[in-house]
Amino acid sequence: MPALPGETLPLNARTLAEHAKRVPVPAYDRRLVTTGIVHIGVGGFHRAHQAMYLDTLMNEGTALEWGVCGVGVMPADRRMQQVMTAQDGLYTLVVKHSDGTWQPRVIGSIVEYLYAPDDPEAVIAKMTDQATRIVSLTITEGGYNIDDTSGGFDQTNPAVLADLKPGALPRTAFGLIIEALWRRRNLGVPPFTVLSCDNLQGNGRLARRMLTAFACLREPAIGDWIDQEVPFPSCMVDRITPETTDADRAEVRERLGIDDRWPVVCEPFTQWILEDDFPAGRPAYQQAGAQLVSEVEPYELMKLRLLNASHQAMAYFGYLAGYRLVDEAARDPAFQDLLLGYMNEEATPTLLPVPGIDLDTYKHTLIERFSNPQIRDTIARLCAFSSDRIPKWLLPVIRQQLATGGEMRRSAAVVASWARYAEGIDEDGQPIEIVDRLRDTLTTRARCQRDNPDAFITNRAIFGDLAENQRFLDAYRSALASLRQRGARATLAWLTTQSKSARN
């Protein structure tokens, strides 16, 4: 049914031809697309990144055998199931340029969606099917079930224990993958490739280690076979993709006439570096702009320690200074000085040579990306789940700089800003909503800082023995004291003065 002027239509397969009058839609016949990839953890990032690369290939007339079956395993994924079902897997992707230019398109590469809590057997069957040759993941840091203290697999997790009960159908992401792999092995079907797309150093190696450990708890033979036979390439992914808001939905309706329950907005920049280890086959990702390499680690460290750690540097200082949007903080000269100082003097010395990348250009591009006013990425998003992020993105920089005698004053100040933020009260006395799986522990320790400045940093489960390093401790204590006495903005000025003095 055609839309009247000013009218909106829901987004689904039946209305696609009508939407094509206003916005680019899949140029391929989606009825010909078959599933070759199962992706666990379909959210905004996956839809702005991996699914977009596949849609690009499909629009060129290739990769039609690489359609995506999305899988949700968490209670919060119920809503995605409802949206994907109602919209036949279609959604609007809007690339927002800093000058206000919009680049919308409808993505069609997700052709199925399964919600594991409703029917785990259907998910296992889909992954067991020989047509499935890649199972990819964006399940966040918490999905890897890492023990905070040992760094190994957390065998005490109730969800893991439930999966391991005799006769139980698995419900965790790793449990589902293990069952499907073992069934394929018993059927004589080659294993699929497990592709982690999460922001974790060595994500492929980490996925192998955690998944194999889980499998060994079920039966050592399964773990041994997975370790020997299943490929786990690492990859580095990058595209700033803020959470979709009601304002985004309204704007898509008003500008495009599309009633999309869950559109995705993102920045223009996108990067995907993959280790080329796909024995069962893969799409020609390189034809859509991805880079296939033999070793991802240099690119991975560059991204985690420059982009992700810089986000943490902006997050807590920014919130305490009164900013609520990332672009507003990123355009502040004081924050630019913090970020460039951290990247140039602290993070860059810890990096490996990065083939084909001009690091100076990359760092200034990051500032430009953070400053894009159209993205409206929130400081609160950057502040969430800090206990998963800081130990993986920032603490390795601190430890390496301490080991080599390098500069780490700004990094220590970022940790101190997290400690101050974790108190849960801002500089105006207003409450801060702490979003973290360790919220209660973090807040309890942070609120003891007035009497014991080291209360937060002596949490060995997060910081290990870092508080025993006097050089770090001195820098951390000084920054925390400044934050408490002067506030965030004055502390940034103090850091600049301290850094200039150290150079002279």
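Me: What makes β12 and β13 (residues 291-293) a parallel pair?

Reply: In this predicted model, β12 and strand β13 are joined by three bridges in the parallel sense. Two strands pair if DSSP finds at least two bridges between them, so three bridges are enough.

Me: Why is strand β12 (residues 271-275) called mostly covered?

Reply: Buried means under 20% relative accessible area, and five of the five residues of β12 are buried. Q271, I273 and E275 point one way from the strand, W272 and L274 point the other way, and all are buried.

Me: How do you know how many disulfides there are?

Reply: A disulfide needs two cysteine sulfur atoms within 2.5 Å. For C197, the closest cysteine sulfur is that of C235, at 3.9 Å, which is too far for a bond. By this rule the count comes to zero disulfides.

Me: Is C197 buried or exposed, and what makes it so?

Reply: The relative accessible area of C197 is 2%. The limit for buried is under 20%, so C197 is buried.

Me: Why is C448 called partly exposed?

Reply: C448 has a relative accessible area of 39%. Buried needs under 20% and exposed needs over 50%, with partly exposed in between, so C448 is partly exposed.

Me: What is the strand order in the open sheet of three strands, and which are the edge strands?

Reply: The order is β5-β4-β11, with mixed pairing. The edge strands are β5 (102-107) and β11 (264-266), because each pairs on one side only. From one strand to the next, the twist averages 20 degrees. Strand β4 (residues 91-96) runs parallel to β11, and three bridges join them. Here V95 has C266 of β11 as its bridge partner. Helix α3 (residues 50-59) packs on the sheet, where it touches β4 and β5, and its direction makes about 80 degrees with that of β5.

Me: Why is α11 called oblique to α16?

Reply: The axes of helix α11 (residues 297-320) and helix α16 (residues 386-393) come within 10 Å and cross at roughly 130 degrees. Roughly perpendicular covers 65 to 115 degrees and roughly antiparallel is over 145, so α11 is oblique to α16. Their crossing is left-handed. In α11 the contact is made by L304, R305, N308, A309, Q312 and Y316, and in α16 by S386, R389, I390 and W393.

Me: At what angle does α11 cross α14, and which residues meet there?

Reply: The axes of α11 and helix α14 (residues 359-370) come within 11 Å, and the crossing is at roughly 35 degrees. This crossing of α11 and α14 is right-handed. M302, K303, L306, L307, S310, H311 and M314 of α11 meet L359, Y362, K363, L366, R369 and F370 of α14.

Me: What makes D327 a buried residue?

Reply: D327 has 4% relative accessibility. That value lies under the 20% limit, so D327 counts as buried. D327 is found in helix α12 (residues 326-330). Apart from neighbours within four places in sequence, D327 is in contact with F370, S371, N372, P373 and R376.

Me: How do you know that V38 is buried, and which residues is V38 in contact with?

Reply: V38 has a relative accessible area of 1%, and buried means under 20%, so V38 is buried. V38 is found in strand β2. Leaving aside neighbours within four places in sequence, its contacts are C69, V71, K126, M127, T132, I134, V135 and S136. V38 and W66 are 28 residues apart in sequence, and 9.4 Å apart in space from C-alpha to C-alpha.

Me: Which residues of helix α5 (residues 120-128) are buried, and what do they pack against?

Reply: The buried residues of α5 are P120, V123, I124, K126, M127 and T128. They pack against β2 (35-40), β3 (67-72), β6 (110-115), β7 (134-137) and α7 (173-187).

Notes
Residues numbered from 1 in each chain as written. Predicted model: local features only at pLDDT ≥ 70, side-chain atom pairs only at ≥ 80, totals over all residues. Heavy atoms only, no water. Buried < 20%, exposed > 50% of the residue type's maximum accessible area, 1.4 Å probe, protein only. Helix = DSSP H or I, 4+ residues; strand = E, 2+ residues; numbered from the N terminus. Axes fitted to C-alpha atoms, helices over the stretch in contact; angles between N-to-C directions. Contact = heavy atoms within 4.5 Å. Parallel < 35°, antiparallel > 145°, perpendicular 65-115°, else oblique. Left-handed = near helix turned anticlockwise from the far one by under 90°.
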